[in-house]
Amino acid sequence: MSGQAAEQHVERSTTQAGPDIVVRTAGEADVETAAALFRGYLDFYEVDVQDADAPRAFLAERIAKDESLVLLADVPGAGTVGFAQVYRAFSSLTLTTAWILNDLYVAPSGRRTGAGRALLREVLRRARAAGVAGVQLETAYDNTVAQGLYEAEGFVREEFQVYFHDLSGVTSAEG
């Protein structure tokens, strides 16, 4: 994800659902726009954010440190309506690099325009260009709209169970 020296590729994607959609890399000048979408994403997943500035600060740090690839989707007449955030990872099972599509969100005003599909396709295009072995993502069990999009674009549901041990707010007895 090549931050400051980022390839400033702009993908124009004509979708069956709507007009030309421009997918572009978010830079430091886009933090406020990306953060507004990120807050919508967090609301969608019912994440209780105590500090209203935390989503903006989080994205600003990821972009400034080149720790993630953040893409934005612009729809004519609707503005910037969607974002995706990708992290680099490594696959021990394939001994290669993989990407994690951690966040994909389209605001209600941009839904059914093809913005989500355009973002997803641009992530996959860039992953192929980077020689990445694969792209992994997760979504909620009841998010059937997103699941339909992912499966239509070639994602396959894994047989693995996902486990998570929440360490936030937990104090260790060893500490």
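Which residues does Val135 touch, not counting residues up to four places away in sequence? In this predicted model, Val135 touches Trp99, Leu101, Val123, Leu124, Ala127 and Phe155, where contact means heavy atoms within 4.5 Å.

Some notes on reading the model come before the rest. Residues are numbered from 1 along each chain as its sequence is written, and side-chain values use heavy atoms, with hydrogens and water left out. Because the model is predicted, local features need pLDDT of at least 70 and side-chain atom pairs count only at pLDDT 80 or more, while totals for chains, interfaces and linings use all residues.

## The strands

Helices (H or I, at least four residues) and strands (E, at least two) are DSSP runs, numbered from the N terminus, and two strands pair if DSSP finds at least two bridges between them. The table sets out the pairings of strand β2 (residues 20-25), β3 (residues 69-75), β4 (residues 79-91), β5 (residues 96-106) and β6 (135-137).

| Strands | Sense | Bridges |
|---|---|---|
| β2 and β3 | antiparallel | four bridges |
| β3 and β4 | antiparallel | seven bridges |
| β4 and β5 | antiparallel | ten bridges |
| β5 and β6 | parallel | three bridges |

Arg24 has Leu72 in β3 as its bridge partner, Asp74 has Thr80 in β4, and Arg88 has Trp99 in β5, while Leu101 stands opposite Leu137 in β6. Strand β2 is largely enclosed by the rest of the structure, because five of its six residues are buried, a word that here means under 20% relative accessible area, with exposed meaning over 50% and partly exposed in between (1.4 Å probe, protein chains only).

The hairpin of β3 and β4 has three residues between the strands, and in this hairpin Gly77 takes a positive phi near 85 degrees. The hairpin of β4 and β5 has four residues between the strands, and here Leu95 takes a positive phi near 55 degrees.

Phe90, whose place is in strand β4, is exposed, with a relative accessible area of 71%. Leaving aside residues up to four places away in sequence, Phe90 touches Thr96, Thr97 and Ala98.

Helix α3 (residues 115-129) has 15 residues and reaches 21 Å from its first C-alpha to its last, close to the 21 Å expected at 1.5 Å a residue, the expected span being 1.5 Å times one less than the number of residues. Among the buried residues of α3 are Leu119, Leu120, Val123 and Leu124, as well as Glu122 and Arg126. Just after α3, Gly131 takes a positive phi of about 75 degrees.

A nonpolar core is a set of buried Ala, Val, Leu, Ile, Met, Phe, Trp, Tyr and Cys residues joined through side-chain atoms within 4.5 Å. The largest such core has 27 residues, of which Trp99, Leu101, Leu119, Val123, Val135 and Tyr150 touch the most other members. The elements giving two or more residues to this core are β2, β3, β4, β5, α3, β6 and α4 (144-152), and its largest share, seven residues, comes from α3. Apart from it lies another core, of 15 residues, among them Ala34, Phe38, Leu42 and Ala60.

## Aromatic rings

Rings of Phe, Tyr and Trp (its six-membered ring) pair if their centres lie within 6.5 Å, and planes under 30 degrees apart count as stacked, over 60 as edge-to-face and the rest as tilted. A search of the whole structure finds eight aromatic pairs. The rings of Phe38 and Phe83 have their centres 5.8 Å apart and their planes at 75 degrees, so this pair is edge-to-face. The pair links distant parts of the chain, since Phe38 is in helix α1 (residues 31-44) and Phe83 is in strand β4, 45 residues apart. Both Phe38 and Phe83 are buried.

The rings of Tyr41 and Tyr45 are also edge-to-face, with their centres 5.3 Å apart and their planes at 65 degrees. Tyr41 is buried, with a relative accessible area of 13%, whereas Tyr45, at 31% relative accessibility, counts as partly exposed. Ring pairs link Phe38, Tyr41, Phe44, Tyr45, Phe58, Phe83 and Tyr105 into a cluster.
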